[in-house]
Amino acid sequence: MARTALVTGGTRGIGKAISEALVRDGFKVAANYAGNDKAAEAVAKELKIKVYKWDVGDYEACQAGIKRVEADLGPVDVLVNNAGITRDGFFHKMNVDQWREVIRVDLDSLFYMSRPVIEGMRERGFGRIVNITSINGQKGQAGQANYSAAKAGMIGFTKALAQENANKGVTVNTVAPGYIDTDMVAAVPEAALQKIIATIPVGRLGKAEEIAEMVAFLASDKAGFITGATMTVNGAQYIAG
Ligand code: NDP
């Protein structure tokens, strides 16, 4: 029977490409999103999947949303924590709302989304959790103390959860993209973007599909021995040890 995959932020950018790859691989896919109904409706139509609006930074909303997904598609076998935001600014100018919002959406969401599905995965003896972190969680990035902290936190969370669930058929990994050509990166001013591209040895931005293929592999049966890992996909911009 087809497995169920839930992708947060699964309607745009990297998340949309992940939803698409998982549909291709035979999963029943549920794509969550925050507020862009137009993009979500277009993806629902294009990929013939169900889309669900809730805020991954709200625990009660996550619990209720996951219940809806499970009622429609069955228990969640694969969870991709992809939804993320930036609220950039140098730390000496950062306000507490910029800090709290990024920690809430990018890091707290890992507890809010993973906690309601982990017991079921353990009981059924199969599960895949893939967390989308960032190159900037690995190396740090000026102007992103909030984002770098949240994304580095995801890596520690992943390692702990991987150890706790390894003997239950549940793997937990992070994928750490470099700069990928999505709306998030389109928000970076052109001159700054050209400077960033100059630091990428492959000489270009990554494609959302290139991240999606890594996630699809980690979600598959073939990846059962990979857990607690950080899979770096960044065109050699930063080579993590
Ligand atoms: P986009 O901004 O293109 O898309 C973000 C998606 O997340 C949208 O579907 C959005 O929904 C959803 N989302 C945002 N906030 C929430 C929320 N509070 N609750 C539920 N859904 C939410 O992002 P990218 O595709 O660029 O990034 C995806 C992930 O990859 C993020 O975690 C990001 O940090 C990470 N990443 C991205 C890189 C890049 O270069 N693009 C590099 C490294 C990491 P809606 O459409 O409704 O707004």
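These are my notebook entries on the salt bridges in this structure.

**Ground rules.** I am working with a predicted model, where local features need pLDDT of at least 70, side-chain atom pairs count only at pLDDT 80 or more, and totals for chains, interfaces and linings use all residues. Residues are numbered from 1 along each chain as its sequence is written, and side-chain values use heavy atoms, leaving out hydrogens and water.

**Entry 1: the count.** I looked up the salt bridges (a side-chain nitrogen of Lys or Arg within 4 Å of a carboxyl oxygen of Asp or Glu). The structure has eleven of them.

**Entry 2: lysine 53 and aspartate 37.** I found these two side chains joined in a salt bridge, 3.1 Å from N to O. Lysine 53 belongs to strand β3 (residues 50–53) and aspartate 37 to helix α2 (residues 37–47), so this pair links distant parts of the chain, 16 residues apart. Helices (H or I, at least four residues) and strands (E, at least two) are DSSP runs, numbered from the N terminus. Lysine 53 is partly exposed at 40% relative accessible area, and aspartate 37 is partly exposed at 29%. For these words, buried is under 20%, exposed is over 50%, and partly exposed is in between (1.4 Å probe, protein chains only).

**Entry 3: arginine 124 and aspartate 77.** Here the closest N and O atoms of the salt bridge are 3.7 Å apart. Arginine 124 sits in helix α4 (residues 96–124) and aspartate 77 in the loop between α3 (59–73) and β4 (78–81), so the pair ties together parts 47 residues apart in sequence. Aspartate 77 is buried at 12%, while arginine 124 is partly exposed at 39%.

**Entry 4: a network.** I also noted Arg24, Asp25 and Glu213, linked by a network of salt bridges.
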